[in-house]
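User: I would like to learn how to read the features of a model like this one. Please take me through them one at a time.

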Amino acid sequence: MTTKDEIKKLLAETEAKIRDPSTSGTECNLVILDFADQVSLKLPKLFLEYDRLEKELESSRSYCRWLDKQYHAAHENAIKTLNGVP
């Protein structure tokens, strides 16, 4: 489970506790503060995941650019070859 998923789950649990009619105003405040504490602990890990995804995205983009160059080179070679064939 990713940190993003953990935060989503925590948010859903917190929302359920807050919407519960038996939860008093003071308890709601405590639930919200607890949520904020838990999320603040998860933020560094979330930023690391984001950083990793950014690097993977850049790597994918780089690979796509390389493939594009290979395609165009092969296309040009095919045209040159066909033009040389009577």
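**Reading the chain**

Analyst: Glutamate 56 and arginine 52 are four residues apart in helix H2, so about one helical turn separates them. Helices here are DSSP runs of H or I with at least four residues, strands are E runs of at least two, and both are numbered from the N terminus. This is a predicted model, in which local features need pLDDT of at least 70 and side-chain atom pairs count only at pLDDT 80 or more, while totals for chains, interfaces and linings use all residues. Residues are numbered from 1 along each chain as its sequence is written, and side-chain values use heavy atoms, with hydrogens and water left out.

User: What joins glutamate 56 and arginine 52?

Analyst: Side chains of opposite charge can pair when their charged atoms come close. The rule for a salt bridge is a side-chain nitrogen of Lys or Arg within 4 Å of a carboxyl oxygen of Asp or Glu. Glutamate 56 and arginine 52 form one, with their closest N and O atoms 2.9 Å apart.

User: How many salt bridges are found in the whole structure?

Analyst: The search finds four. Among them is glutamate 15 with arginine 19, at 3.0 Å between the closest N and O atoms. Both residues lie in helix H1 (residues 3–19), four residues apart, about one turn of the helix. Another pairs the side chains of glutamate 58 and arginine 65, at 3.1 Å from N to O.

User: Is arginine 19 buried or exposed?

Analyst: The classes rest on relative accessible area: buried is under 20%, exposed is over 50%, and partly exposed is in between (1.4 Å probe, protein chains only). Arginine 19 has 62%, so it counts as exposed.

User: Which residues make the nonpolar surface patch?

Analyst: A patch takes residues with over 30% relative accessible area and no salt bridge; like charges are joined within 9 Å, and nonpolar side chains (Val, Leu, Ile, Met, Phe, Trp, Tyr) within 5 Å. Tyr63, Trp66 and Leu67 make a nonpolar patch of about 330 Å², with areas from the Shrake-Rupley method and a 1.4 Å probe, where for residues only the protein chains shown count as cover. Tyrosine 63 has a relative accessible area of 49%, tryptophan 66 has 45%, and leucine 67 has 37%. Leucine 67 lies in helix H2 (residues 25–84).

User: How many aromatic pairs are there?

Analyst: Rings of Phe, Tyr and Trp (its six-membered ring) pair if their centres lie within 6.5 Å; planes under 30 degrees apart are stacked, over 60 edge-to-face, and the rest tilted. The count is one. Tyrosine 63 and tryptophan 66 form a stacked pair, 5.9 Å centre to centre with 20 degrees between the planes. The two are three residues apart in helix H2, so about one helical turn lies between them.

User: Why is the chain described as more spread out than a compact globule?

Analyst: The chain has two helices and zero strands. Its radius of gyration is 26 Å, well over the 12 Å that the globule rule gives for 86 residues, so the chain is more spread out than a compact globule. That radius is taken over C-alpha atoms, and the rule is 2.2 Å times the number of residues to the power 0.38. The C-alpha atoms fill a box of roughly 90 × 25 × 15 Å along the principal axes. Of the 86 residues, 12% count as buried.
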